[in-house]
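Hi,

Here is the structure I promised to pass on.

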Amino acid sequence: MALKSFLSKTKTFRKLYFLSCSSCCTPSSSSNFTVKHEREKQRFTIKLEHDTSEQAVLYYEYTGNKKVNLLSTVVPTEFRGKGVGKRLAEAAMDFVVEENLKADLSCWYIKQYVEENPLPNYKDHISN
C-alpha cells in the first residue's frame, strides 16, 4: 500500500509516527510525504512506500565555512510529478535558511524550485 494512501486513511498511525519521529522528521503542510534529514549522511530522504525501502533523496555537501552545495535530487520515476521533489527542495532550502548558510545549487531541480518560489529568504542564501 502506498504510504500516502495509508497515512491519509490512518490518522492514529500518522499521529504516532510523527510523535516517534519528531526529532528527525518534518511533516509536510502540503502533502503526506515526510522528509527526514540525515545530517551525518548529508542528505534529505522521503520513504515512499510503507513496506519497502524505496526512497527519494536529495544530497548535499559542505564546501566551506557556512557553505553547502545542493548536489542532486533523485526521485523514482513512478513518484515524479507528485510533489516529492518539491518537498525535498523545500526542506533543503529551509535548512539552508535556518542554519544561515550560503548554498551553491548544482541540482537543476532545486534551481527550478527556487526560481518558481522566489522567496527573499531563499534568494538571500544562494551564492551562485
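Let's start with helix α3, which covers residues 84-98 in this predicted model. It has 15 residues and spans 21 Å from its first C-alpha to its last, close to the 21 Å expected at 1.5 Å a residue. Its buried residues are Val84, Gly85, Arg87, Leu88, Ala89, Ala91, Ala92, Met93, Phe95 and Val96. For reading that list: an α-helix has 3.6 residues a turn, so residues three or four places apart point the same way. Just after α3 comes Asn100, with a positive phi of about 55°.

Now the strands. β3 (residues 43-47) and β4 (residues 55-64) run antiparallel, joined by five bridges. One of the pairings puts Lys47 with its bridge partner Gln55 in β4. On to β5 (residues 67-74): this strand is also antiparallel to β4, and seven bridges hold the pairing. Tyr62 sits opposite Val68 of β5. The β4 and β5 hairpin has two residues between the strands, and Lys66 takes a positive phi there, near 60°.

One last thing, on the surface. Which residues make up the nonpolar patch there? They are Tyr59, Leu71 and Val74, and together they have about 220 Å² of accessible area. Tyr59 belongs to strand β4.

Cheers

Definitions and conventions: Residues numbered from 1 in each chain as written. Predicted model: local features only at pLDDT ≥ 70, side-chain atom pairs only at ≥ 80, totals over all residues. Heavy atoms only, no water. Helix = DSSP H or I, 4+ residues; strand = E, 2+ residues; numbered from the N terminus. Expected span 1.5 Å × (residues − 1). Buried < 20%, exposed > 50% of the residue type's maximum accessible area, 1.4 Å probe, protein only. Pairing = 2+ DSSP bridges. Patch = residues over 30% accessible without salt bridge, like charges linked within 9 Å, V, L, I, M, F, W, Y side chains within 5 Å. Areas by Shrake-Rupley, 256 points an atom, 1.4 Å probe, with all protein chains shown as cover. Salt bridge = Lys/Arg side-chain N within 4 Å of Asp/Glu carboxyl O.
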